[in-house]
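Hi everyone, thanks for coming.

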Amino acid sequence: MPRYDRIVILTGAGLSAESGIATFRDKDGIWSRYNIEDVATPQAYARNPERVLDFYNMRREGLAGKQPNAAHKALARLEAEHKGEVVVVTQNIDNLHEAAGTKRMIHMHGELLSAWCLACGTRQAWPAPITLTSTCPHCTGVGRLRPDIVWFGEMPYQMEAIYEHLSEADLFVSIGTSGNVYPAAGFVAEARQNGVHTVELNLEPSEGASLFHETIHGPATRVVPGFVDRILRGE
Ligand code: APR
């Protein structure tokens, strides 16, 4: 009999680090090389759209050849083999969870491989660079496409569904996130208020480490597979 039935898993950049995708706040992380105010706010896009588009084009191109790692694969195995419910809520904008086989997931900060047309509102798969002359295939609007990514100051996606999952869960697991950015950083407190058991798996203690019932520290590819085995054994 599994110990837990409904599992919510929050993931962050640390999960994709061992796949070769840079994190944000580690040494030489993305925010040590770029200013958030220049590339990841609506104001930055209004002020200099080309610089913002280039920043995400560079990160989209950086996805080429990146593979899901043992931690992504372990989470996909948990979803496939667990008798109850598993939902992944990722802050990551890469596609490595999907590539590993995870099906039930929410990209709360959007996706690098999606574009949002500001003329007609359509969100669509977009593996290519987005430029000032990109044309929306849906409404043929020119130069109105932006990255389908949640910038600082914007509301993350599917928040209602996320809080619904958090209220119904009996296990909340946070993997590879520094706990710096809300609302994701507040999910552990929300889960605890709902009487949910909370576990952090991270390279090192996150900002919110003290809020978790359990903390397991080490590289994701080393700690996540063993943790998944433990959950599947009903421990
Ligand atoms: N295994 C496990 N954890 C790791 C690994 C690893 N191999 N490498 C790094 N980490 C941990 C770091 O210790 C850190 O706590 O992953 C965390 C990464 O933290 P951040 O770089 O802050 O990334 P994240 O928490 O996902 O950022 C949240 O901030 O900039 C925004 O929108 C962006 O989604 C992002 C959000």
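Let me start with a question: what do the buried residues of H8 pack against? Before the answer, a word on the model. It is a predicted one, where local features need pLDDT of at least 70 and side-chain atom pairs count only at pLDDT 80 or more, while totals for chains, interfaces and linings use all residues. Residues are numbered from 1 along each chain as its sequence is written, and side-chain values use heavy atoms, with hydrogens and water left out.

Now, the answer: they pack against strand E1 (6–11), strand E2 (85–90), strand E3 (105–107), E7 and H9. Contact here means heavy atoms within 4.5 Å. Helices (H or I, at least four residues) and strands (E, at least two) are DSSP runs, numbered from the N terminus.

Which residues of H8 are buried? They are Met-159, Ile-162, His-165 and Leu-166. Buried means under 20% relative accessible area, exposed means over 50%, and partly exposed is in between, with a 1.4 Å probe and protein chains only. Looking down the axis of H8, the buried residues fall within an arc of 120°, so they line one face of the helix. That arc is taken from the directions from the helix axis to the C-beta atoms.

On to the aromatic rings. The whole structure holds nine aromatic pairs. Rings of Phe, Tyr and Trp (its six-membered ring) pair if their centres lie within 6.5 Å; planes under 30 degrees apart are stacked, over 60 edge-to-face, and the rest tilted. Tyr-163 and Phe-187 make an edge-to-face pair, 5.8 Å centre to centre with 85° between the planes. This pair links distant parts of the chain, as Tyr-163 sits in helix H8 (residues 159–168) and Phe-187 in helix H9 (residues 187–193), 24 residues apart. Tyr-163 is partly exposed, at 32% relative accessible area, whereas Phe-187 is buried at 1%.

Phe-172 and Phe-212 are a stacked pair, because their ring centres are 6.4 Å apart and their planes are at 10°. Phe-172 belongs to strand E7 (residues 171–175) and Phe-212 to the loop between strand E8 (197–202) and strand E9 (214–217), so the pair ties together parts 40 residues apart in sequence. Both Phe-172 and Phe-212 are buried.

Finally, ring pairs also join Phe-24, Trp-31, Tyr-34, Tyr-45, Phe-55, Tyr-56, Trp-151 and Phe-152 into a cluster.
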